[in-house]
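Have a look at the model below before reading on. The notes that follow walk through it piece by piece.

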Amino acid sequence: MHTRRRPAVSALGLAALGLLAASFWVSLKLVPPDRLMGNVQRIMYVHVPAAWVGFLAFTICFGASLLYLWRRDLRWDSLARTSAELGVVFMGLSTALGSIWGKPTWGVWWTWDPRLTTAAILLFVFLGYLALRGFVDEPERRARWSAAVGIVGFLDVPIVYLSVFWWRTLHQKPSGPETVATPMRVALLLGMASFTLFFAFLLAERYRLARLESELELAEVSHV
Amino acid sequence: MFESISYASAAYLLTALVLLLYGASLLRRLGRAERNARAMTERSADSPDSSGDRRHRSTRGRSSVPHTEWTSEEVPHA
């Protein structure tokens, strides 16, 4: 059984925590406030990385679901389940951070803007994915149904990203290097790197937990 | 300006709380699963099944009922 944490994963966790702390310090202390929005713009350095990691997690879930349907190996199902759970955590965080940013900027906590609405749909589809897994006991059937939801749910990811180009939205379009000052770009890249590293650590540990749970479940069944 | 600092502080506090609480909860669940796995391994090692009788071990994990009981044709009608 997968009972031991590998030293590389422990080192990854410590490095991720250190980089997160450094990223917070740079974002809150070193980078100057935005000329128009003031300090509230600092939310960008956590909101964008959280959304990026959410997208990354749902993409991994999509790939693992396809591989499960192809190979019928439950390890791919464990990876899909792991990344879906992390995707919900990070997408939920990104949505909450966007709401905190929206209140002083737009005057409302929430509005039915295309970007916000498609992101909320994505979040609820994957909450449904996790709920579905709780309803089905038989591992193979659970994996098959979840893979179908994981694949269909992923189709919303490009829609969320492209929504700001397709429709007139309150949410701004993605910023590029030509529209962001260098210190702000560095802080944003640091945020992206630290969130990605922390996500990698959580993914490794959550996957190990999923495999342990799966093996314990099989062992319980075989002892009945 | 004070208000915008409050919003930014709330956002960073929320981020730190979510990441740390999720990480801590994950490590706690992992610790519990590891203990269960160890207990399961020890139970298997202590059980008579593991005494080296190959014939007996080969039937481990299977029910004593015949396999045909799982086929739909064999399910008795109420």
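Let's start with chain B, which has 2 helices and 0 strands; helices (H or I, at least four residues) and strands (E, at least two) are DSSP runs, numbered from the N terminus. Keep in mind that this is a predicted model, where local features need pLDDT of at least 70, side-chain atom pairs count only at pLDDT 80 or more, and totals for chains, interfaces and linings use all residues. Residues are numbered from 1 along each chain as its sequence is written, while chains are lettered from A and ligands numbered from 1 in the order in which they are written.

For chain B, the average pLDDT (the predictor's confidence in each residue, from 0 to 100) is 71, and 54% of the residues score at least 70. Residues 51-78 of chain B have a pLDDT below 50, and this stretch has 7 contacts in the model beyond near neighbours in sequence. A contact here means two residues whose C-beta atoms, placed from the backbone, lie within 7 Å.

Of the 78 residues of chain B, 8% count as buried. That label needs 20 or more other C-beta atoms within 10 Å of the residue's own; 12 or fewer makes it exposed, and anything in between is partly exposed, with C-beta atoms placed from the backbone.

Where the chains meet, chain B puts in 27 residues and chain A 28. On the chain B side, that is 16 nonpolar, 6 polar and 5 charged residues.

Now for the inside. The largest nonpolar core has 60 residues, and A:Ile43, A:Ala57, A:Cys61 and A:Phe199 touch the most other members. Such a core is a set of buried Ala, Val, Leu, Ile, Met, Phe, Trp, Tyr and Cys residues joined through C-beta atoms within 7 Å. Helix 2 of chain A gives the largest share of this core, 15 residues. Setting aside neighbours within four places in sequence, A:Phe199 is in contact with A:Val53, A:Leu56, A:Ala57 and A:Leu86.

Leaving out residues up to four places away in sequence, A:Ala80 touches residues including A:Cys61, A:Tyr68 and A:Gly150. With the neighbours within four places left out again, A:Leu97 has partners in both chains, among them A:Ile43, A:His47, B:Ala11 and B:Leu14.

Here are two C-alpha separations:

| Pair | Apart along the chain | C-alpha separation |
|---|---|---|
| A:Ala80 and A:Tyr207 | 127 residues | 9.2 Å |
| A:Leu97 and A:Gln41 | 56 residues | 11 Å |

Helix 3 of chain A itself has 33 residues and reaches 46 Å from first C-alpha to last, close to the 48 Å expected at 1.5 Å a residue; the expected span is 1.5 Å times one less than the number of residues. Just after this helix, A:Gly107 takes a positive phi of about 90 degrees.

What do the buried residues of helix 4 of chain A pack against? They pack against helix 2, helix 3, helix 5 and helix 6 of chain A. Among those buried residues are A:Arg115, A:Leu122 and A:Phe126.

Conventions. Ala, Val, Leu, Ile, Met, Phe, Trp, Tyr, Cys and Pro count as nonpolar, Asp, Glu, Lys and Arg as charged, and the others, Gly among them, as polar.
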